[in-house]
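Please look over the sequence and the model below. A short report on its structure follows.

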Amino acid sequence: MKHRLLLCIFVALAVSVRADGPTWVEVKSPNFSIVTDAGEKRGREVALRFEQMRSVFSAIMSKANVNIPIPLQIVAFRNSK
């Protein structure tokens, strides 16, 4: 009986934590797919920075093929915690 009560409490806490968890959004750019819990605006900023870095690397390494047939998937966390 005691184990069942502990199990019920554990399940209730797990559901509560999950319900209060962060909202994840996906932002897509031509070459990247960003999944983040920092919001759509911040996700777009991350996508823009990655597109800029890709453009710079493409210009620097003109002989290298930087075209990938599918978008690179990136997970961007709101903070390190």
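## A serine and its contacts

Serine 29 touches Ala47 and Glu51, leaving aside residues up to four places away in sequence. Contact here means heavy atoms within 4.5 Å. Serine 29 sits in the loop between β1 and β2. Its relative accessibility is 16%, so serine 29 counts as buried. The cut-offs are under 20% relative accessible area for buried, over 50% for exposed, and partly exposed in between, with a 1.4 Å probe and protein chains only.

This is a predicted model, where local features need pLDDT of at least 70, side-chain atom pairs count only at pLDDT 80 or more, and totals for chains, interfaces and linings use all residues. Residues are numbered from 1 along each chain as its sequence is written, and side-chain values use heavy atoms, with hydrogens and water left out.

## The sheet

The model has an open sheet of 3 strands, in the order β1-β2-β3, with mixed pairing. β1 (25-28) and β3 (72-76) stand at the edges with a single partner strand each, so one side of each has no neighbour in the sheet. On average, neighbouring strands are turned by 20 degrees against each other, direction ignored. Helices (H or I, at least four residues) and strands (E, at least two) are DSSP runs, numbered from the N terminus. Two strands pair if DSSP finds at least two bridges between them.

Strands of a sheet pair through backbone hydrogen bonds, either parallel or antiparallel. Both kinds of pairing are described next.

## Strand by strand

β1 and β2 (residues 32-36) run antiparallel and are joined by 4 bridges. A hairpin of 3 residues leads from β1 to β2. Lysine 28 has serine 33 of β2 as its bridge partner. Glutamate 26 has valine 35 of β2. Valine 25 stands opposite threonine 36 in β2.

β2 and β3 run parallel, with 5 bridges between them. Valine 35 also has a partner in β3, valine 75. β2 is mostly covered: 4 of its 5 residues are buried.

## The helix across the sheet

Helix α2 (residues 40-60) lies across β1, β2 and β3. It runs at about 145 degrees to β2. Axes are lines fitted to C-alpha atoms, for helices over the stretch in contact, and angles run from 0 to 180 degrees between N-to-C directions.

How far apart are the end C-alpha atoms of α2? They are 30 Å apart, which agrees with the 30 Å that its 21 residues should span at 1.5 Å a residue. The expected span is 1.5 Å times one less than the number of residues.

Which residues of α2 are buried? They are Gly43, Val46, Ala47, Glu51 and Arg54. Seen down the axis of α2, these buried residues fall within an arc of 135 degrees, so they line one face of the helix. The arc is that of the directions from the helix axis to the C-beta atoms. The buried residues of α2 pack against β1, β2 and β3.

The face turned away from the buried side carries exposed residues: Lys41, Arg49, Ala59 and Ile60.

## Salt bridges

How many salt bridges are there? The count comes to 2. A salt bridge is a side-chain nitrogen of Lys or Arg within 4 Å of a carboxyl oxygen of Asp or Glu.

Glutamate 40 forms a salt bridge with arginine 44, their closest N and O atoms being 2.7 Å apart. Both lie in helix α2, 4 residues apart, about one turn of the helix. Glutamate 40 is partly exposed, at 44% relative accessibility. Arginine 44 is partly exposed too, at 47%.

Glutamate 45 forms a salt bridge with arginine 42, with the closest N and O atoms 3.0 Å apart. These two also lie in helix α2, 3 residues apart, about one turn of the helix. Glutamate 45 is partly exposed, with a relative accessible area of 34%. Arginine 42 has 44% relative accessibility, so it counts as partly exposed. An α-helix has 3.6 residues a turn, so residues three or four places apart point the same way.
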